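Here is a short walk through one protein model. Keep the viewer open and follow along.

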Amino acid sequence: MRSAARITGALAAAALTVGALSACGGASDGGSGGGPEEVTFWGSWSGAQAKQLQAQADAFNESQDEYEVTYVGQELVEEKLLTALASGSVPDVVLWDRYNTPLYVPKNALAPLDEYIEADGVDTAQFYEQAMGELVVEGETYGLPLLVDNRSLFYNTELLADAGVEPPTDWDSLKEAAEAVTEHDGGKLSVAGFALDDPGLFNIWLRQAGGQMFADDGATTAFNSPEGLEVLEFWQGLLDAGVYEQGFGEGVDSFAEGSTAIKYDGPWALTALDEAEVAYGIAQPPVGPDGDQGAGMGGFGLVIPSGAQNPDGAWEFMKWWTTQPANGVDFAKVSGWIPANVEAANDPYFTDDDRYQAFIETMEYAQVRSNIPGASDVEGKALIPALEKFLGGETDAATALKEAQELGDRILADNAQ
C-alpha cells in the first residue's frame, strides 16, 4: 500500500486551515486487514450518468484488491464540498469542473498533487494542454484532467440534402445553408435553419472573428471591439433572414425532433440523438470571415479534497482512469464523453467514428475559458444578459457591447483588489 506521507505536508497544511478533520468521506478498513479500503467518490452527475460513474468505479474495484470506490451523487457539489470541509466530512475524490479550480484553491478546498505526480512519474503532457492548465494554480497541480468536450456543428443530413446544400465551413456558408433549410408554415417558423439560442457561445464566435474576450494583461475586457461587433452583426443577419426566432423549440429538443436543422452542441448530445433516430452529421465549427478558427474546451477532472481520509486510494483511482488510455476509452463507450488523455481521444473508437471525428479535430485548437479572477462573473453577470437583450431586440449591438464592457470592467477591477 502506498504511504499517505508522500503528500503529508501539503495535506496537513490544508487540513489545518479547516480544522482537524475526522473520518467521514471514506472510512478505511485497510489497517485492520478487513478488506479493501473504502474510497468515497463525489460528483454532480445523477440518474443514468451516476450509473456510468459507478460502473467505471466497479471496473477499478475489480482491477485490484486494495481499494473499493463508491460513487455518491451530490447536487451543487462544489458548495457541498465547502460544507464538508467545515464539518470534517470530506470525500476522497471528486469529479470536478476544471473551470472552478482557481476559485476553490484559495479556499483551501483542494490538495496539491505534485508529490504524487513526481513519485509515480506521471507525464502530464499526455493530457490536452489546455485541460491540464485549468488544474494548475500558481505552479501547483490540483488534479488530473479526465474528460474534455467542445461545441461542434450538428446538422440534419436529410434537411440539408433536401435543400441541396453542403455542411457549412465558414460564416457565409452557414448563413446560406441556414436560409436554404428554413421553413415557414402559414407565416410561422416550422423549421429553424440555425439555433441561435445560446449567447454564452459568444466567446467562440469572437475567436472566429479574430477577437478576444479580455485584454492581454487581464485587467479589462476586450470584447467591445470591431470583432465583437462583427459577431453581433452576423447574428442580426441570421435573425433578419428569419432562420431563427427567440423561444423557438423551447421545452423540447427541436433538433432531435427534426425542426431545427443546424446547431452547436457537444458529445453529450449523441446518445439522445441516436435514440431519437434523427439523421445527423457533425462538422468542425465554421471559420470566421478571415479564416480564424474558434472553439471552446470544457470538461471535468478528478481532484482530492483537503483532508481526504484516503488520498492514496483516491490517487490510485485517478491514475488508473486518466493515465491508462484503455480505461478512458471504455468509459466513453458507456458515456459518450471524450477522454482528456490525448492518446485515448485518438483511439480508433473515436477517429473511425464519423460522430466523433469533428470533435477530435476541433479539440486541437479548442481553448478553455479564461481563469482571470472575475472572468466567469463578467460573462454571467455582464455579457450574457446584455447579449440576451440584443437577441430579444431590446437594444442594438453597439449598446449591448458597451454596457457589458462597462460592467465587466468594474467586475474585473473589483476582483483585482
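Which side chain is joined to that of D265 by a polar contact? The model is predicted, and in it the partner is K263, at 2.6 Å. D265 belongs to strand β10, which covers residues 262–265.

D265 is buried: its relative accessible area is 10%, and the cut-off for buried is under 20%. Leaving aside residues up to four places away in sequence, D265 touches N150, R151, S152, F154 and F359. One of these, S152, stands opposite D265.

Now step out to the sheet. Strand β7, residues 152–156, runs antiparallel to β10, and four bridges join the two. The open sheet has three strands in the order β10-β7-β11, with antiparallel pairing. β10 and β11 (280–283) each have a single partner strand and stand at the edges, so one side of each lacks a neighbour in the sheet. From one strand to the next, the twist averages 30 degrees. Helix α16, residues 354–363, lies across β7, β10 and β11. Its angle to β11 is about 15 degrees.

Next, the nonpolar cores. The largest has 52 residues. I262 is among the residues with the most contacts inside this core, as are F194, F202 and W235. Helix α17 (residues 375–391) supplies the largest share of the core, eight residues. Another core, of 49 residues, lies apart from it and includes L85, W96, A308 and W315.

Finally, return to I262. Not counting residues up to four places away in sequence, I262 touches residues including L153, F154, Y155, F194 and F255.

How values were computed
Residues numbered from 1 in each chain as written. Predicted model: local features only at pLDDT ≥ 70, side-chain atom pairs only at ≥ 80, totals over all residues. Heavy atoms only, no water. Buried < 20%, exposed > 50% of the residue type's maximum accessible area, 1.4 Å probe, protein only. Polar contact = N/O pair within 3.5 Å; in protein donor to acceptor, adjacent residues only side chain to side chain. Contact = heavy atoms within 4.5 Å. Core = buried A, V, L, I, M, F, W, Y, C linked by side-chain atoms within 4.5 Å. Pairing = 2+ DSSP bridges. Axes fitted to C-alpha atoms, helices over the stretch in contact; angles between N-to-C directions.
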